[in-house]
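Me: Could you take a close look at one part of this model for me, the aromatic pairs and the loop beside them?

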Amino acid sequence: MDEDKLLIITRLKKTYEYTLKSLENYPHKYLELKKHIDTTILEMIELCYIANYGCKVEENKILAISKLSMVDYYLKLSYKNEIISKKKYESISKHLLEIQLMLKSWLNINEKSE
């Protein structure tokens, strides 16, 4: 199981790795915020795997979309608190927007097939 057959999972993993590199220098004061970003993206990956294997598919996709919105919010807080630059915020947000579109498309495909 080296390669993920689902493009969205591959995209999430790459975004996670990129985000981790961007968050390396978080001040100690904001480590909890960094932890939330980290954990939430990992939970999104897990939800996509679960949905891909057919377990509560629609519910898990909706949860993944909700968690994506939370990651965006955490990143916005990071930017407002001047922890990450505007460039990093916009770059990660661009990745998140693409993932959001993929998740919504994936959700719509399942709704149409039912």
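Reply: Happy to! A word on naming: helices (H or I, at least four residues) and strands (E, at least two) are DSSP runs, numbered from the N terminus. This is a predicted model, in which local features need pLDDT of at least 70 and side-chain atom pairs count only at pLDDT 80 or more, while totals for chains, interfaces and linings use all residues. Residues are numbered from 1 along each chain as its sequence is written, and side-chain values use heavy atoms, with hydrogens and water left out.

Let's start in the loop between α3 and α4, where Glu82 sits. Glu82 has a phi near 60 degrees, a positive value in a residue other than glycine. Most residues other than glycine have a negative phi. With 72% relative accessibility, Glu82 counts as exposed (exposed is over 50% relative accessible area, buried under 20%, partly exposed in between, with a 1.4 Å probe and protein chains only).

Now for the rings: the structure holds two aromatic pairs. In one, the ring centres of Tyr73 and Tyr74 are 6.3 Å apart and the planes meet at 50 degrees, so this pair is tilted. (Rings of Phe, Tyr and Trp, the last by its six-membered ring, pair if their centres lie within 6.5 Å; planes under 30 degrees apart count as stacked, over 60 as edge-to-face and the rest as tilted.) Tyr73 is partly exposed at 43% relative accessibility, whereas Tyr74 is buried at 13%.

Tyr79 and Tyr89 have ring centres 5.5 Å apart and planes at 10 degrees, so they are stacked. Their pair links distant parts of the chain, ten residues apart: Tyr79 belongs to helix α3 (residues 57-80) and Tyr89 to helix α4 (residues 86-113). Tyr79 is partly exposed at 31% relative accessibility, and Tyr89 is buried at 14%.
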